[in-house]
Amino acid sequence: MVGKEGNNIEMQYLQEDKGYWNSLVDYSYFQQKNNFSLEILSSKEEINTCSALYALLSFDEPSRFDECGSFLQEDKKLSIDAYKDRYLENRWYIEIFSNEVSKQYGIQCLQKFYSFEKWIAFGNGENDISMFQQCDEGIAVANSCSALKAVASEIIGSNVENAVADYIQKRFQCK
């Protein structure tokens, strides 16, 4: 989980996930920073006491994914995006957000500082829906979830085919 405590950034994860996260992320860079802490949590109770802004849980078994998803859905202070990986077989993810944090809120903050003629967002998951609603255009990639496609103003090719980069290059005539 990634959270913010004052000016500090905290990363926390369950002990059982330590090997998986260590295989994905080299924490040595972050650990050299004064405002970064890495904490290994040992229980769900410890997670409930944290002030995390975002967490990503990864599962290789659908039963664990379903059980955890059901448990987390009960907490009304959280927003949950649960999905099967679009690229890897036998991999499921649950993204957990505080209801106080969203991509829509991030766009709202940017809109206070910048007065662009048009706001365009690209996405592929349910957690992008609110961001699409905040922007003038919401562009979903072909391998997006059906809920996002339903609210998208346009659907382009798959992101594994570089569709976002191709779209930007073509639309804005970049070289």
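I take a contact to mean heavy atoms within 4.5 Å. With that settled, I looked up Ala-121. Leaving aside residues up to four places away in sequence, I found that Ala-121 touches Met-131, Phe-132, Cys-135, Glu-137, Gly-138 and Ile-139. A reminder to myself: this is a predicted model.

**Entry: the core around Ala-121**

Which nonpolar core is the largest? I found that it has 11 residues, and Ala-121 is one of them.

**Entry: Asp-128**

Next I went to Asp-128, which I found in the loop between strand E7 (120–123) and helix H6 (129–134). Buried or exposed? I checked Asp-128. Its relative accessibility is 2%, so I put Asp-128 down as buried; the cut-off for that word is under 20%. Not counting residues up to four places away in sequence, Asp-128 touches Lys-103, Gly-123 and Leu-148.

**Entry: helix H5**

I then turned to helix H5, residues 103–113. Gly-106 lies in this helix. I logged Gly-106 as partly exposed because its relative accessibility is 29%. I also looked up one distance: from C-alpha to C-alpha, Gly-106 and Gln-134 are 9.8 Å apart in space, while 28 residues separate them in sequence.

Which residues make a nonpolar surface patch with Phe-113? I found Leu-110, Tyr-114 and Phe-116 there, and the patch comes to about 480 Å².

**Entry: the whole chain**

Last, I stepped back to the overall picture. I noted eight helices and nine strands in the protein chain. Of its 175 residues, 33% are buried. How much of the accessible surface belongs to carbon and sulfur atoms? I found 50%, out of a surface of about 11400 Å² for the protein chain. Among contacts with a separation of 6 or more, 47% are between residues 24 or more positions apart.

Technical notes: Residues numbered from 1 in each chain as written. Predicted model: local features only at pLDDT ≥ 70, side-chain atom pairs only at ≥ 80, totals over all residues. Heavy atoms only, no water. Patch = residues over 30% accessible without salt bridge, like charges linked within 9 Å, V, L, I, M, F, W, Y side chains within 5 Å. Areas by Shrake-Rupley, 256 points an atom, 1.4 Å probe, with all protein chains shown as cover. Salt bridge = Lys/Arg side-chain N within 4 Å of Asp/Glu carboxyl O. Helix = DSSP H or I, 4+ residues; strand = E, 2+ residues; numbered from the N terminus. Buried < 20%, exposed > 50% of the residue type's maximum accessible area, 1.4 Å probe, protein only. Core = buried A, V, L, I, M, F, W, Y, C linked by side-chain atoms within 4.5 Å.
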